[in-house]
Amino acid sequence: MRIGIYNPRAGTKSAGGTETFIREVIQQCDKTVELFTGEGKLLSEVAQLDVTVHQIPVHYKEDRINKVLSTYTPLLSAEIEALSMYVNARRTGMIDRLEACDVMSTHYYADNALISRVVDIPMVFRFAGIKSPSVRWQTMFTTDRADIYVANSQSTARRLQRWYDTDVKETVYAGVDVKQFTPSEEPSTGELVVLFVGRLDDGKGFPDLIEAVEGVDVRLRVVGDGNRREEFESLAQQRLDADSYTFVGEVPHDEVHREYQKADIFCLPSYHESFGIVVLEALACGLPVVTTDLDAIVEYVDNGENALLFEPGDVPAMEDALHRLVNSEDVRRRLSSAGRETALQYSWSTQIEKMMKVYRQLVE
């Protein structure tokens, strides 16, 4: 069975939960996979695998031409990225190579809408999440020809059923490498470190986090990049002491576990998450977690049991939770142990086998 995976960023960009999921599928399926991705230097974790990679010219979201087009057209930057790769796939004859696979897997709605209409092989689309009903989703459901839908969480599946009367075949969560993401063996010394890992964009609640840590005796360490990084760095400079925070930037996924292991507390104040893989990674590393009470996160987190939750935007509640952890080593230790036990239930091998079962059933 030849599995085709089509995604502009999975081969060259380290950030993003969807891309991480795809690379784990590739790692565990190896020779059975053909990856169709954008041009550029391959990530080391992809280049070292025995997998066929087809690179197609694409205007990435970070490219200047993409930024200009997304500014002066109704298209989103991710849509321009998807459309440019699709046009170049047709121009270079790569569509024929797609059809040589036994099954094709897409992970972004525009990729699904475009590719499913031009290839005559079984198609699987995995939803990485859905925030709200929109004309874009409605357009995809009207035009695409995917054979099977897969959700990344039960909350995503419920939303699809409620908003579009669409059933999903399977729920396949993002997983965590519990051998790589493990608690640090080094004892904490000095001031406690609060870690944030994620895109520095709208919706992650990062300004709320800056406001909350302003009143707590901790160091803030920020891992990630995004369109609003410069603005957020300026905000931190205005609100926090210069030696109390560090913006690390983007870290390759095969190295990011070391950032968790350097920290004492993890905080993600998002207003929306489709699953929250960084929360699961933090739990696997034994970090006590402070995060928002979102339906996708409470699928695996219980307030007071394996994490501390607060309502999105409730900065005083977030500050109180951080104070509670800073002031009690016993609470930190208890949440650390419970969080690690939770993460062990979401190993990559379990989730990828569920995805492989979908592929096999569709082909057979």
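This is a predicted model: local features need pLDDT of at least 70, side-chain atom pairs count only at pLDDT 80 or more; totals for chains, interfaces and linings use all residues.
Apart from neighbours within four places in sequence, T106 is in contact with Y6, D111, N112, M123, V124, F125 and R126. T106 belongs to strand β4, which spans residues 103-106. Is T106 buried or exposed? Its relative accessibility is 0%, so T106 counts as buried, the cut-off being under 20%.

Next, select Y260. Leaving out neighbours within four places in sequence, the residues in contact with Y260 are F181, L195, V197, F266, V278, E281, A282, C285 and L287. Y260 is also part of the largest nonpolar core, which has 90 residues. Which residues have the most contacts inside this core? They are F206, Y260, F266 and V290. There is a second, separate core of 31 residues; to find it, select A113, I121, F127 and Y164, which are among its members.

Now switch to a cartoon view and colour strands β8 to β13. They form an open sheet of six strands with parallel pairing, in the order β10-β9-β8-β11-β12-β13. The edges are held by β10 (245-249) and β13 (308-310); each has a single partner strand, so one side of each is left without a neighbour in the sheet. On average, and with direction ignored, neighbouring strands of this sheet are turned by 20° against each other.

Zoom in on the pair β8 and β11. Strand β8 covers residues 193-197 and β11 covers residues 265-268; the two run parallel and are joined by two bridges. Select L195 and F266 together: F266 is the bridge partner of L195 in β11.

Select residues 206-213 for helix α9, which lies across β8, β9 (219-223), β10 and β11 and runs at about 165° to β9. Then select residues 315-327 for helix α13. This helix lies across β8, β11, β12 (289-292) and β13, and its angle to β13 is about 165°.

The last stop is F275, in the loop between β11 and α12 (277-284). With 3% relative accessibility, F275 counts as buried, because that value is under 20%. What does F275 touch, not counting residues up to four places away in sequence? Its contacts are N152, S153, Y173, A174, L280, A296, I297, Y300 and Y346. To finish, draw a C-alpha to C-alpha distance from F275 to E214: the two are 61 residues apart in sequence and 28 Å apart in space.

Conventions
Residues are numbered from 1 along each chain as its sequence is written. Side-chain values use heavy atoms; hydrogens and water are left out. A nonpolar core is a set of buried Ala, Val, Leu, Ile, Met, Phe, Trp, Tyr and Cys residues joined through side-chain atoms within 4.5 Å. Buried means under 20% relative accessible area, exposed over 50%, partly exposed in between (1.4 Å probe, protein chains only). Contact means heavy atoms within 4.5 Å. Two strands pair if DSSP finds at least two bridges between them. Helices (H or I, at least four residues) and strands (E, at least two) are DSSP runs, numbered from the N terminus. Axes are lines fitted to C-alpha atoms, for helices over the stretch in contact, and angles run from 0 to 180 degrees between N-to-C directions.
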